[in-house]
Amino acid sequence: TARPLPTEAQVLIRRRSMARIPEAEGALHEELLLGAAFNDLGRLQRALISNIPPDVPDTGGNTALHRAAAAGHVDAVDLLLRHGATASAVDGNGAAALHHGCAMGHEAVALRLFQDPSLDADAANDGGVTPIMSCAVSGHADLVERLLSRRASPNTADADGGTSLMRAASGGHVRVCELLLAHRADVSAQDDEGDSALRGAS
């Protein structure tokens, strides 16, 4: 089933949440973002103990947690979560840190994020893409298996009707296809253009 796209009101609320922080705090905010991106835990710690909110985003909507997850820095991810960073916070495209980590195949990051009770392992971004889809398209089989064990749906469709199985099949990722099929992925599902996983694999 395709996920509904965010309403205009939801998008406006998200944009307002990305408002700039006071100029006096700008340097510390930059320290926070750079510490997360480069796994500089000392820099990150200094920013956090200065009471900079860990979820304040950059101009693209990415928080420090998004940056750390995308780079695979599990220590930075852990430090941010222990200082109150929100695992479910989304960027300007509606993607959470788990989307970023999964897209890059960072299993250790995903495992740490899974420990946060607020995390929805099956949350979709604005295009309807879920973390398991991000893993499937790149062939990250171990992460796909982890997500399936947390009841991520193999049959969720994105805004164009594409599923995880279609993505895995088009990329030739046999192991991912096997895992999805073992969890009852619908091989007959079609996207908005009438393509299916079978056609993608041919």
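Leu32, Leu33, Leu34, Ala36 and Ala37 in H2 meet Ala64, Arg67, Ala68 and Ala71 in H4, where contact means heavy atoms within 4.5 Å. Sorted by class, this contact of H2 with H4 holds eight nonpolar residues, no polar ones and one charged residue. Nonpolar covers Ala, Val, Leu, Ile, Met, Phe, Trp, Tyr, Cys and Pro; charged covers Asp, Glu, Lys and Arg; the others, Gly among them, are polar.

The model is predicted: local features need pLDDT of at least 70, side-chain atom pairs count only at pLDDT 80 or more, and totals for chains, interfaces and linings use all residues. Residues are numbered from 1 along each chain as its sequence is written, and side-chain values use heavy atoms, with hydrogens and water left out.

Helices are DSSP runs (H or I, at least four residues) numbered from the N terminus. H2 spans residues 26-38 and H4 residues 64-71; they pack at an angle of about 15 degrees with axes 7 Å apart. Axes are lines fitted to C-alpha atoms over the stretch in contact, and angles run from 0 to 180 degrees between N-to-C directions. H2 is therefore roughly parallel to H4 (angles under 35 degrees). Their crossing is right-handed, that is, the near helix is turned clockwise from the far one by less than a right angle.

A second pair is H7 (residues 107-114) and H9 (residues 141-149), whose axes come within 10 Å and cross at roughly 15 degrees. That angle makes H7 roughly parallel to H9, and the crossing is right-handed. Glu107, Ala110, Leu111 and Phe114 of H7 touch Asp142, Leu143, Arg146 and Leu147 of H9. This contact has five nonpolar, no polar and three charged residues.

Methods. Helices (H or I, at least four residues) and strands (E, at least two) are DSSP runs, numbered from the N terminus. Angles under 35 degrees count as roughly parallel, over 145 as roughly antiparallel, 65 to 115 as roughly perpendicular and the rest as oblique.
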